[in-house]
Every structure is written in C-alpha cells, then in structure tokens.
Amino acid sequence: MNKILHFLLVSLLALFLTACNIQTVEQFEQMEDQDRSADSLPPSEQLEAEEQTPSVENDTAEEKQEVKESEIDDKAPLEEIDKNSQQKAQQETIEGKQQPKHEADKKQEDTKLPSTITDLSTTKQADNKQQTKTINSSTDKQKNAEPKKRTVKISIRVDTLLKHWEKLDSSLQSERYVPKNGIILKTTTYELLSEKDTVWDVLQRATKEHKIQMEYQGANENIYNSVYVEGINHLYEFSAGELSGWMYKVNGVYPNYGCNQYVLKDGDVIEWNYTVDLGRDLGHHWDGN
C-alpha cells in the first residue's frame, strides 16, 4: 500500500514539474517579444518596459519558489511516512530488545522471592531436623543406655592341701588335682543374670565354662533343702581326712547355710576353699571365737 501511494505521489509531482516547465518557456518567449518591442519603443517607453521587466522576473522567481515549496510539500508526506515507518520499526526493534530484558528482569525478580522463601524454608527445615536429630539422639541414648552391669567374682583354691599334703589320699597326690600354686580357678568375674542369682548359680557357670569337674547333692536330696557340694576337680569330702571337704565364703565371711540360698549382690567376692579341719585351717571357728 505504501509503495502504491508513493508511486502516485511521484507521478503527480512529475506532471506538476512538467507543467511548470511549459509555463516557464512561454514566459521566456514573451520576454523576448517584449525586448524586441522595447527596442522599437521610444526611450521613455523603454524605461517603463524595463521597470515592468523585473516584475515578470520576480513573478517567475516567485513561481519557481512556489514550485520548490510544492515539491517540498509533496515530498513531505513521503518523508514523513518513511520517517514514521522508520520510527515505528526502530521502536519495535527497541521494544523487541528491551522486552526480553524486561521479562528476564521480571523472571529474575520472580525467582528471587521463591528462592528466598525456599532458603528460609530449607533453613527452618534444617533447624527442625537438627532439633529432631538431637531429640532422637537423646531418646536413643536413653533407650540404648544399658543398665549398669551387676557383677561378682569367684575363685576356687586348695592352698591347705599343699600344707597338709600327707593327709591327702595318695591317688590324688598329683598336680592334676592339686596345682602347685593351689589355684583350680583363678579369680574370674561373672555378670549376674537376675536379681535371684545365688552362689550356686555362679559356681555352676564357672565350672561348666572352665570344664572343671564338680559333683553335688541336690536341695531335694537332704533335709536341709540346700545344695551340698560333694567334690570339685575330683577332690571330695573326706579325701584328706574325716574333717575335710569344701566350704565357701562371700566377702571374707563363711555363711552357715547352703550356697543355693545365698542371693548375691553387685560386687560380691566368692571363694571356694578346701578344708582339712572343718574350716579351722581356713580361719573359721564354728563357736564364733
């Protein structure tokens, strides 16, 4: 459309310029006729003619000026149209360049806020997780905190037989039954498995673990309702005389009741000793003296 309008305007301008040229040629011929006439006129009339000639030249100049202004006026719409088109194209180009930046800035601004919110949320979640972890860790420690182990110590010794070797049955006079250091079981620690563990319970565990021979009389086999230990490591009652046999003590004291009736507590120290004089050789006196 713009091209068609431009073509029409140019055509009109060409026609107009052609008409102006024709008019100028006719005026030029008229001026030559007037000059000839002026030469034939008297001096007074030639002076009047010369005074009138500038008027024609002025008219011609004015007409040329009008033609130029007309050309300018005709060109003005085209230049204005081209200028508007260029401005519009330039504006669209600028807007095209600016729009992505604006959208990018908008996206960046839109991204900043969620990012900040996400950071705050992440930090809060991390704090909550840390608190939860601390609470869980504390709870786990409480759950996993094992109760303090209750332990006791036990040993089995035959020191008195080393001092009264002659009293021991000859078949047992051997290091296999009576070690040179007098220790059948060195001091060993055992954990109490219940609140009702007794000296008898720990003795059974120790002899079984260390494969030490032991023989006993059950609590239901006597009138005392107590377990009686008859022999340990093949050393029995009466193996070293009529007053010989096994006795136990706890924390340095010999109880006067069966080992299955003595309930242990944490830290107790149990000793099983072989006696050849009913405990007197061990420092025990039945009369309390």
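Predicted model: local features only at pLDDT ≥ 70, side-chain atom pairs only at ≥ 80, totals over all residues.
## The nonpolar core

The largest nonpolar core has 35 residues, and those with the most contacts inside it are Ile 154, Leu 161, Val 199, Leu 235, Trp 246, Ile 270 and Trp 272. Two or more residues of this core are given by each of E1, strand E2 (183-191), H4, strand E4 (228-232), strand E6 (245-250) and strand E7 (269-275), with H4 supplying the largest share, five residues. In soluble globular proteins, nonpolar side chains tend to be buried together.

Val 152 lies in strand E1, which spans residues 151-157, and counts as buried because its relative accessibility is 1%, under the 20% limit. Once neighbours within four places in sequence are left aside, the contacts of Val 152 include Thr 188, Tyr 190, Val 202, Leu 264 and Ile 270. Thr 188 is 36 residues away from Val 152 along the chain, yet their C-alpha atoms are separated by 8.3 Å.

Thr 207 belongs to helix H4, residues 199-209, and is likewise buried, at 5% relative accessibility. The side chain of Thr 207 reaches the backbone oxygen of Gln 204 at 3.2 Å, while Ile 156, Ile 212 and Met 214 are the residues that Thr 207 touches when those up to four places away in sequence are not counted.

## Salt bridges

Five salt bridges are found in a search of the whole structure. One of them joins Arg 150 and Glu 195, whose closest N and O atoms are 3.8 Å apart; this pair links distant parts of the chain, with Arg 150 in the loop between helix H2 (43-144) and E1, and Glu 195 in the loop between E2 and H4, 45 residues apart. Glu 195 is exposed, at 58% relative accessibility.

Arg 157 and Asp 159 meet in another salt bridge, at 2.7 Å from N to O, and Arg 157 is partly exposed at 25%, as is Asp 159 at 29%. Asp 268 pairs with Lys 265 at 3.2 Å between the closest N and O atoms; here Asp 268 is buried, with a relative accessible area of 2%, whereas Lys 265 is partly exposed at 48%.

## A nonpolar patch on the surface

Ile 4, Phe 7 and Leu 8 form a nonpolar patch on the surface, with about 340 Å² of accessible area together. Leu 8 is part of helix H1, residues 2-40, and counts as partly exposed, at 47% relative accessibility.

Note on methods:
Residues numbered from 1 in each chain as written. Heavy atoms only, no water. Helix = DSSP H or I, 4+ residues; strand = E, 2+ residues; numbered from the N terminus. Buried < 20%, exposed > 50% of the residue type's maximum accessible area, 1.4 Å probe, protein only. Polar contact = N/O pair within 3.5 Å; in protein donor to acceptor, adjacent residues only side chain to side chain. Contact = heavy atoms within 4.5 Å. Patch = residues over 30% accessible without salt bridge, like charges linked within 9 Å, V, L, I, M, F, W, Y side chains within 5 Å. Areas by Shrake-Rupley, 256 points an atom, 1.4 Å probe, with all protein chains shown as cover. Salt bridge = Lys/Arg side-chain N within 4 Å of Asp/Glu carboxyl O. Core = buried A, V, L, I, M, F, W, Y, C linked by side-chain atoms within 4.5 Å.
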